[in-house]
Amino acid sequence: MSTSSKSKTRSERVASLKLEKLGWQIWLEEITRLDSLLRLAIAMVAAIIITIFVRGWEPPFAYREGFVPQRAILARVPFKFEDALKTDALRIQAAREVLCIYENRKEPLVQLRGAVKDALFALRDVPSTLELTKTQNQLLDSFGATVLDSDKAPLDYETALKAIQQTLATEADLSKYDAAIREILDPIEEFGLLVSLEHDSDKGNQRFIRVFQIGNEASMIEVDVPRVRIAEVGAALRSSLERSFRNQFGTPSATLLARMIHHYLSTRLPVTLTLREDLSNTARTEASNNVRPAMITYDPASGALVPLGKPLGEKELALLRTEHRVFTSEMPWYLRTQRLMAFLGMITALYLLCTAFLHQSSNRHLLFETMEFLRLIALCMACIISAVLFAQDPFRAELIPVILCAIIATIAYGRAVALILMAALSMVITFGARVDLSEFILLASGAAASILLCGRIRNRTRLIYVGLGVSIVVFSTYIGLGVMTGQEAGGVSSDGAATGAINVSSLLPLRLVSEALRQAAFAFLCGPLMAGLLPLVEKAFDVQTDLSLLELSDMSHPLLRQLAQRAPGTYNHSISVAALAETAAESIGAHGLLVRVGAIFHDIGKMFKPNYFVENQVPGANRHDTLQPGMSTLIIIAHVKDGADLARRHRLPKRVIDFIEQHHGTTLVEYFYKQAHKKSEESEEKDEISESSFRYPGPKPQTREAAVLMIADAAESASRALVEPTASRLQNLVDQIAMKKLLDGQFDECGLTLLELDTIKRSLVKSLTAIYHGRIKYPDQTAANAS
């Protein structure tokens, strides 16, 4: 006898036993799969992005405009704060002191210098006054020949003409003349002239200006205003000319000529300076920006930054933000790390809480399907980021993304998942937006109200009512929180320092109510917003509201019209099943309208080969009579795959396609299976018949709605074969069908309970009895039957 034939020893038998894996081993295998690791990585990346976005390592800044502190707010660290009023005053002063910029176009002065010289040359060579032309007389007049001289005696033409001729007699005299004129006019040409300043005292310095020659902005000179003002230049011009001519010539006639030239120039001095507003504005801006802010120093011993009961305004918030910024910048690294780990720990705990809830709910697919998980994470991130952004002053509209997210989650995942999800998100938003914990209560109440009021959306008006209901809840919650946290207090009384008593102002309750109304308006606005976003939400999350399901149930749908034309028996069968299944689903609290839509489309695959299905066959003609049972089974089973492919081509929703694929589950095609057995027994070979070859490919029903459709479909078909469908026979038929499906394991994956199964059976029996109820036979009908 061989060793292998010997009986095993006790130790070998023990070693051969295969124990079931422990729970932690199954869990470890599950999370180490590639797709599980991918989902874990998505969750980690989302947590990191949120942490960075909300700066989870920094302490919160929990103050908002209008907040009434219930204790005096003290400085935690020494810091400096800008005195805005004083800084603005310094900047205004700097702008007033800035030197405005003028552009000098000296060409008119150059032309004036040439005109003086030309006039003198025109008079120098005239022999006597008797030979003066009219033009020369006018030139002498322009030099002041008719005005008084320095001795207050009339200056006649002859004296004026002699002064010109004696002073400019030789070429050397002309050179001296040019030197004297250059000495006087060169500075005037360089600095320019103006009648008065074109800028007022608020826009620049009134004593000095900056001047540049046209086309040469890089070279500017600082000029004293009296040196360019025409009235003052003209007044100083006579003495300057006399002194310069006296120095050059040293004769009385030169002094007289200087006075004559002065008279000529003083009446003809042109304006050459133009204010450059653009350059001056730039200079003023630079001067204002260069002013160092006036700072006030605060420290923990300086007293309260904000006293008890004083509502926070812009100035107080700016002061507190500065203190918070300094405090945060001085935090040691280990405190930052501590806060970071605490924030990540909170997110991890919320992850685990939501994961545990989803794992035990009917929405487990959210954890095990990567695309569904990605949609869920994207929704959460969008809600958190938008809410944190909207929470900033002056918007403070974080309720809008929270309520919209709550409605979307309710539509996509149901109320239970939406409630736990929004509770977690509200907590993250509260810490991320750095607001008071009372904000968590407001966000959670708004989200919970929208979830509980959302319900079934059969029309867009429903969302308007949801917004109205949520706004009432938000208004009441905000008022309640304001009263409970002391936000209705108006400030400290005049003797508050001594008594600590708080004076309730009539203004602050109004402010509290107005803010509550604003938050309620945000909540109400979510209803119309969601009505507009509904089609996008349905497409993005592949869900259907009652509104879209009602559109799908329209019997004029192209697929249903084709079904009615090609397979009228199947069409009528689908309509009957839809009525039965909707009522049965409603009886157990399932989604009746969804079942109705699924039932209408569940047999659309039969339109490809309608004559192979009994409801479309005429009496006496059965195409299966010429086919083998196995081939007939393939044709029957194929209508499931054909229907799913047809639905996908027409872009029916996935939930409707699921009904098409699951309404037969993995049930046995009993008729042809028995036919195959019978033929096998009659044949000589007696081939073994595999039951799996005669079963539908599945999957089994994954939802209660699919299970209801399976039972209703089978019950409607079987009831047509009853000769006398009495109530008792219908009851027995439905019981047999339900029990057969149950024992075959078709309801193992849908979460249907025995109590719900019993309720479904009662509903189907009631509906079928109503369809096949007996009718009273009238006398003429009785006589006709007797004949």
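**A predicted model, examined by question**

Biologist: Which are the buried residues of helix 18?

Modeller: In this predicted model, the buried residues of helix 18 are Ser 438, Glu 439, Leu 442, Leu 443, Ser 445, Gly 446, Ala 447, Ala 449, Ser 450, Ile 451 and Cys 454. The word applies to a residue with under 20% relative accessible area.

Biologist: What covers the buried residues of helix 18?

Modeller: The cover includes helix 16 (399–413), helix 17 (415–432) and helix 19 (461–484).

Biologist: How do you know what span is expected of helix 18?

Modeller: The expected span is 1.5 Å times one less than the number of residues. Helix 18 covers residues 438–454, 17 residues, for which 24 Å is expected; from its first C-alpha to its last it reaches 24 Å, close to that value. Just after helix 18 comes Gly 455, with a positive phi of about 60°.

Biologist: How many helices and strands does the chain have, for context?

Modeller: The chain has 32 helices and eight strands. Of its 787 residues, 44% are buried. Among contacts between residues at least 6 apart in sequence, 76% join residues at least 24 apart.

Biologist: What makes helix 3 and helix 15 roughly parallel or roughly antiparallel?

Modeller: The angle decides. The axes of helix 3 (residues 34–54) and helix 15 (residues 370–390) cross at roughly 5° and come within 10 Å. Angles under 35 degrees count as roughly parallel, and helix 3 and helix 15 are therefore roughly parallel to each other. Among the residues of helix 3 in this meeting are Leu 38, Ile 42, Ala 46 and Phe 53, and those of helix 15 include Phe 373, Ile 377, Met 381 and Ile 384.

Biologist: Why is helix 27 called largely enclosed?

Modeller: Seven of its nine residues are buried, so helix 27 is largely enclosed by the rest of the structure. The buried ones are Val 656, Ile 657, Asp 658, Phe 659, Ile 660, Glu 661 and Gln 662. What covers them includes helix 22 (546–552), helix 25 (592–601), helix 26 and helix 29 (704–719).

Biologist: How do you know whether Leu 559 is buried or exposed?

Modeller: Leu 559 has a relative accessible area of 0%. The limit for buried is under 20%, so Leu 559 is buried. Leu 559 belongs to helix 23 (residues 558–566). Beyond its neighbours within four places in sequence, Leu 559 is in contact with Phe 601, Ile 604, Met 607, Leu 646, His 650 and Leu 652. One of these, Leu 646, is 87 residues away along the chain, yet its C-alpha atom is 8.7 Å from that of Leu 559.

Biologist: Which residues have the most contacts inside the largest nonpolar core?

Modeller: They are Tyr 413, Met 422 and Met 530, in a core of 71 residues. Helix 16 gives the largest share of this core, 13 residues. Apart from it lies another core, of 53 residues, among them Leu 593, Ile 604, Ile 737 and Ala 738.

Biologist: Why is one side of strand 5 and of strand 6 left without a neighbour in the sheet?

Modeller: Four strands form an open sheet in the order 5-4-3-6, with mixed pairing. Strand 5 (220–224) and strand 6 (273–275) stand at the edges with a single partner strand each, so one side of each has no neighbour in the sheet. On average, neighbouring strands of this sheet are turned by 40° against each other, direction ignored.

Biologist: How many bridges pair strand 3 and strand 6?

Modeller: Three bridges, in the antiparallel sense, pair strand 3 (residues 101–104) with strand 6. Two strands pair if there are at least two bridges between them, so three bridges qualify strand 3 and strand 6. Tyr 102 has Leu 275 in strand 6 as its bridge partner. Helix 8 (residues 171–191) packs on the sheet, and its direction makes about 95° with that of strand 4 (208–213).

Notes
Residues are numbered from 1 along each chain as its sequence is written. This is a predicted model: local features need pLDDT of at least 70, side-chain atom pairs count only at pLDDT 80 or more; totals for chains, interfaces and linings use all residues. Side-chain values use heavy atoms; hydrogens and water are left out. Helices (H or I, at least four residues) and strands (E, at least two) are DSSP runs, numbered from the N terminus. Buried means under 20% relative accessible area, exposed over 50%, partly exposed in between (1.4 Å probe, protein chains only). Contact means heavy atoms within 4.5 Å. A nonpolar core is a set of buried Ala, Val, Leu, Ile, Met, Phe, Trp, Tyr and Cys residues joined through side-chain atoms within 4.5 Å. Axes are lines fitted to C-alpha atoms, for helices over the stretch in contact, and angles run from 0 to 180 degrees between N-to-C directions. Angles under 35 degrees count as roughly parallel, over 145 as roughly antiparallel, 65 to 115 as roughly perpendicular and the rest as oblique.
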